[in-house]
Amino acid sequence: MLEAVNLSKKYGQKDAVVDLNLKVEKGEVFCLLGQNGAGKTTTINLFLGLLDPTSGKALVGGLDVVENKVSTNQILAYIPEVVQLYGNLSGLENLEFFSKLAGQKIASDELSKLLLEAGLQEEHHKSKLSSYSKGMRQKVGIAIALSKQAQVIFMDEPTSGLDPKATDEFTNICKSLAKNGKSIFMATHDIFNAVNVGDRVGIMNEGRLIYSSHTENIDASEMQELYLKTI
Amino acid sequence: MYKLLFQQFLRTRACQLGLTLVLILGGISIIIGKQFLTDQGRLADQATQMQQEHIERNVKLHGDDLSLLLYYLKFALLNETDPLAGLSVGQSDLNPGVQRIRILALEGQKYDSDLVNPTKLLYGNLDLSFVIVYVFPLLVIAFMYNLFSEERESGTWQMVNVMARSKSKFLLGKLLVRFLLLAGVMLFLIGVGAVVLGVAADTAFLLFTLTALFYLIFWFALCFWVVCLRQNSNVNALVLLTIWLALVVLLPAFVNNYITNNYPLPEALSTMIKQRDGYHVKWDTSKKETMEKFYEEYPQFANYGFPSEKGYSPTWYYAMQHMGDVESREDSRAMQLKIRSREASSRMWAQVIPSMQAQLVFNEVAGTGLDDYMDFLQYMNEFHENLRLYFYPMIFSNSEVASVDWGQFTPEVFTNSNKSINWTKKLGSLVITILLFSVLSIFSVRKLI
């Protein structure tokens, strides 16, 4: 579903991503760990088509993102660290707005169901987004991704700043999405959550993917030790 | 999506404040326009009543001498005010709408009016045309300066970028929402103004409305181009406010200055001096010489002969008065031509300054521009001449005051009905500037997305 082939990106003389090769299958959750500036967000932006690679290819659904920006954009969604939406619209209205922007025509009760599926309780659906917590905003972000019927969801530091309960809820939602066939590519600092939610984890340092493994082969404490050694 | 874009924008404080402000200002401007029309109507009514009383009083006082009576009698000429003038007062509050004329030398009487505050010439009135030309662009700037940058600055652009099928459609949607709101408010104000002021739904009103609409579109096109240049909100606001200042205040003031210097009017003084000299010098000139010149102008009166060189003669007195106008005629014509040239030059400059173009078109369709006033002055010459030609034979033949039907002298009304509308000249330059900025915007949007 998602593939990087010798993917590289330079900002001037500085290497942001160097010869990245990885694959994320359908229904798989891939968590990419790394320090600030390791190249995680640049990698996501290359897949989203917001940046063009210096060399190599980013493929989404088998299509080169650079050559098929419109087609690849239709099957992917993005949840940033802080989901910024329109504060003076409600969660339901934001969902309706962004789903329409994506060209989807979804009835109001279906939109409510999507919010419930994303874990946002009904009593909050019609409250203004400016009153939402970070976790609630992320749930709206997930509902937006669902409304787009995206096959691939990119998440950038999604659990940063969430309390343990909200993180747990978020983890369960991600697992549920993967079970339903969505591929998830998550950039994170949160080693324990990465091991918990991910099917595979990778560590990135100075633009290079220096480690990649299935989570069934490693537990959180081993991962933390490895992470601290490699960076 | 448009419904939600409307909701999202309507809930912003900038939108609520902006719309409230322009509705209040628009309402005030309509009230001011109504007040102006009421004043003009009251003046016209008073002129009719005053003329009747004035004639009756003077006929009583000087009923034994027609020539003396006509020295005092004034005949009112009204410059008819179109209801559209309530939307665009222009210079009509500076120039007299009622001119009371004696059959003596005319030139000195033309400019008998109250003193006015000259700064009003630059800033105009708070009429609806002022609100459209000055205030609406500010509102367009307030609504547009962060059209794109707010998305980037608040972080929503990331989501839009990934979710939108067409980002240009999203930006155009935001633009359309803002335009429809402001255009709706503008048309609402024009509509309310038309009803309150009793404006007829004719081609002049259509041109007024279209000019206002195109002027608004021009500002939207200009702002859209600027905001698509990827600057932040602060820079956009600064750039757009600078452009507003230049287009709405500085450039028109510069053009006004340039035209005033480029077309100096020494004739304004020389006309007055020649008219006064032309008359006063005749007191020391032989009556025969004066009368010969007078009869050259009016051979039909030559049979009244030459008065005695000694003593006073009403024929000679009115001939002297007349000579004042004759001897200042060339300077007067030159002055009229220069004033018309100033107006023509303004129109030329206005082709590249949309705010000036809009204001000139508003004044023109409302009949409150400089050209309209010049037409009124031109008509005043005919009005004055007709009065002279009517009374001269009576004065020269020493007719009885009672032989004149004074009841027929009700105020005459000047209506400028010979105006034709050249749509291309009026709207062409606005359309071209809109197209220019639309094309520039297309290139900028392509780079942006």
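## A guided tour of chains A and B

In strand 5 of chain A, Leu63(A) is the bridge partner of Val60(A). Select these two residues to begin; the model on display is a predicted one.

**Stop 1: two hairpins in chain A**

Keep the view on this pair and colour the strands that surround it. Strand 4 of chain A and strand 5 (residues 63–64) of chain A are antiparallel and pair over two bridges. They form a hairpin with two residues between the strands, and in this hairpin Gly61(A) adopts a positive phi near 60 degrees.

Strand 1 (residues 2–11) of chain A pairs with strand 4 (residues 55–60) of chain A in the antiparallel sense, over five bridges. To see how the two strands are set against each other, display Ser8(A), which stands opposite Ser55(A) in strand 4 of chain A.

Strand 1 of chain A has a further partner to select. Strand 2 (residues 14–24) of chain A runs antiparallel to strand 1 of chain A, and seven bridges join the two. Within this pairing, Leu7(A) has Leu20(A) in strand 2 of chain A as its bridge partner. Strand 1 of chain A and strand 2 of chain A also form a hairpin with two residues between the strands, where Gly12(A) takes a positive phi near 65 degrees.

**Stop 2**

Displaying side chains here brings up Phe154(A), which stands opposite Phe185(A) in strand 8 of chain A.

**Stop 2: where chain B meets chain A**

Show both chains and select the residues in contact: 28 residues of chain A and 20 residues of chain B take part. Between them, the chains bury about 2300 Å², of which 64% is on carbon and sulfur atoms. On the chain B side, display Met159(B), Val162(B) and Met163(B), which lose the most area to chain A and together account for 31% of what that side buries.

How many salt bridges cross the interface of chain B and chain A? The rule finds one. Select Glu93(A) and Arg11(B) to see a salt bridge whose closest N and O atoms are 2.8 Å apart. Polar contacts across the interface of chain B and chain A amount to nine residue pairs, both residues of each being at pLDDT 80 or more.

Colour chain B by helix. Helix 1 (2–10), helix 7 (149–154) and helix 8 (156–163) of chain B are the elements that give two or more residues to the side touching chain A. Helix 8 of chain B provides the largest share of that side, with seven residues.

**Stop 3**

Eight residues of domain 1 of chain B make contact with seven residues of domain 2 of chain B.

The two domains of chain B bury about 730 Å² between them, 72% of it on carbon and sulfur atoms. Display Leu389(B), Tyr392(B) and Phe396(B), which supply 59% of the area that domain 1 of chain B buries against domain 2 of chain B, more than any other three residues. Between domain 1 of chain B and domain 2 of chain B the count of salt bridges is zero, and the rule finds one residue pair in polar contact, both residues at pLDDT 80 or more. Helix 17 (residues 370–396) of chain B gives the most to the domain 1 side of this contact, with six residues.

**Stop 4: a salt bridge along a helix**

Finally, select Lys288(B) and Glu292(B), whose salt bridge has its closest N and O atoms 2.8 Å apart. Both residues lie in helix 13 (residues 287–297) of chain B, four residues apart, about one turn of the helix. Over all chains, a search of the whole structure finds 26 salt bridges.

Technical notes:
Residues numbered from 1 in each chain as written. Chains lettered and ligands numbered in written order. Predicted model: local features only at pLDDT ≥ 70, side-chain atom pairs only at ≥ 80, totals over all residues. Heavy atoms only, no water. Pairing = 2+ DSSP bridges. Contact = heavy atoms within 4.5 Å. Buried area = accessible area lost by both parts, 1.4 Å probe. Salt bridge = Lys/Arg side-chain N within 4 Å of Asp/Glu carboxyl O. Polar contact = N/O pair within 3.5 Å; in protein donor to acceptor, adjacent residues only side chain to side chain.
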